[in-house]
Amino acid sequence: MNIEKLLRENIRQLQPYSCARDEFKGEASVYLDANENPYNAPFNRYPDPLQWDVKESISMIKGVDSQHIFLGNGSDEPIDLLYRAFCEPRVDNVVAIEPTYGMYKVSAGINDVEYRKVLLDENFQFSADKLLAATNLYTKIIWLCSPNNPTGNSLNQVEIIKLLNSFDGIVVLDEAYIDFSSQKSFTEKLTEFPNLVILQTFSKAWGSAAIRLGMAFASTEIIAVLNKIKYPYNINILTQQQALLAMKNASQVKKWVDELLKEREELMSKLLQLKLVQHIYPTDANFVLVKVADANAVYKYLVEKSIIVRNRNSVALCNGCLRITVGTPQENSILLDELMSLKYN
């Protein structure tokens, strides 16, 4: 696959900015090259622009070579960069499943790129053929999210592979919730599909939403493009340090995930006992999509009780639904107690 042909012409011709830490790599005793203040170490120095120490640690955990990893300010940064690299404003378009994570559409609007939605079926699954039918010669990216947000289910892997084999552009597979799923990550298939970009994050299973660190896994050609157009020092030193510290305690993350999966099943079981709950959709994420009687009223009631869930009533195919994140046993118990007190029960 020729990634160069997919690039916007201005990106293809772009000469990237070369920062001081790009031009000198390694350790030195005296740094007088970057106009830094010599005082207030270590925060006076610019961080590694390519975050190699963090990438090496991620590589060990994920089993992906560090050359295939891009780090962004959350997953939202690589989402935006992919638009900027491959989609010519007011010319190109992208295709996405619906419903799904809202930032794909927002980034399309920011970059002035047509966003084409293809509804999932009644089981929240997609058809590769239907997505392909929505494409044309100007379709550069197809967006998938698995497990999907807000539905919670994993997408059919056979259909994902069919799409990867059939589409000539970039297929982005957002795996933000993959740690909670019984399905394997598509990172093991990176070498098979040069048009595949996988997004993951430190925000969910790693319990580190505050540090804003997202990961993109892709071919070295795509990673080179993202590095070419990102801001020079896009990941600050505090985020890099905290990520390294978190990865030293990877066993704790496994315990968190196991506990959340256990709590997820317990929460679903107890929710089903409530009369106001009409349906709970299958989930492979750390949240459940619950269809209730009068979602707006239930949401308002919970807010008044200082319990915040996500009202998805106005989202396509999610009429009457609340999205509930799995909390601690204590938090889940508080939620259930309040729901039990509603008149529907």
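## Ser 185 and its surroundings

A polar contact of 2.6 Å joins the side chains of Ser 185 and Glu 175, where a polar contact is a pair of N or O atoms within 3.5 Å and, within protein, one must be able to donate a hydrogen and the other to accept it, while residues adjacent in sequence count only if both atoms are side-chain atoms. This is a predicted model, in which local features need pLDDT of at least 70 and side-chain atom pairs count only at pLDDT 80 or more, whereas totals for chains, interfaces and linings use all residues. Residues are numbered from 1 along each chain as its sequence is written, and side-chain values use heavy atoms, with hydrogens and water left out.

Ser 185 belongs to the loop between strand 5 (170-174) and strand 6 (196-201); helices (H or I, at least four residues) and strands (E, at least two) are DSSP runs, numbered from the N terminus. The side chain of Ser 185 also reaches the backbone nitrogen of Thr 187 at 3.0 Å. Leaving aside residues up to four places away in sequence, Ser 185 touches Glu 175, Ile 178 and Gln 200, contact meaning heavy atoms within 4.5 Å. With a relative accessible area of 17%, Ser 185 is buried, a word that stands for under 20% relative accessible area, with exposed over 50% and partly exposed in between (1.4 Å probe, protein chains only).

## Met 247 in helix 10

Met 247 is found in helix 10 (residues 237-247) and, at 10% relative accessibility, counts as buried. Not counting residues up to four places away in sequence, Met 247 touches Val 54, Ser 57, Ile 58, Ile 61, Phe 202 and Trp 206. Met 247 and Trp 206 are 41 residues apart in sequence, and from C-alpha to C-alpha they are 8.7 Å apart in space.

Four strands form an open sheet in the order 8-9-11-10, with antiparallel pairing; two strands pair if DSSP finds at least two bridges between them. The edge strands, each pairing on one side only, are strand 8 (277-280) and strand 10 (310-311). Strand 8 pairs with strand 9 (residues 287-292) in the antiparallel sense over three bridges, and Ile 280 stands opposite Val 290 in strand 9.

Helix 11 (residues 250-271) lies across strand 8, strand 9 and strand 11 (321-325), running at about 5° to strand 9. Axes are lines fitted to C-alpha atoms, for helices over the stretch in contact, and angles run from 0 to 180 degrees between N-to-C directions.
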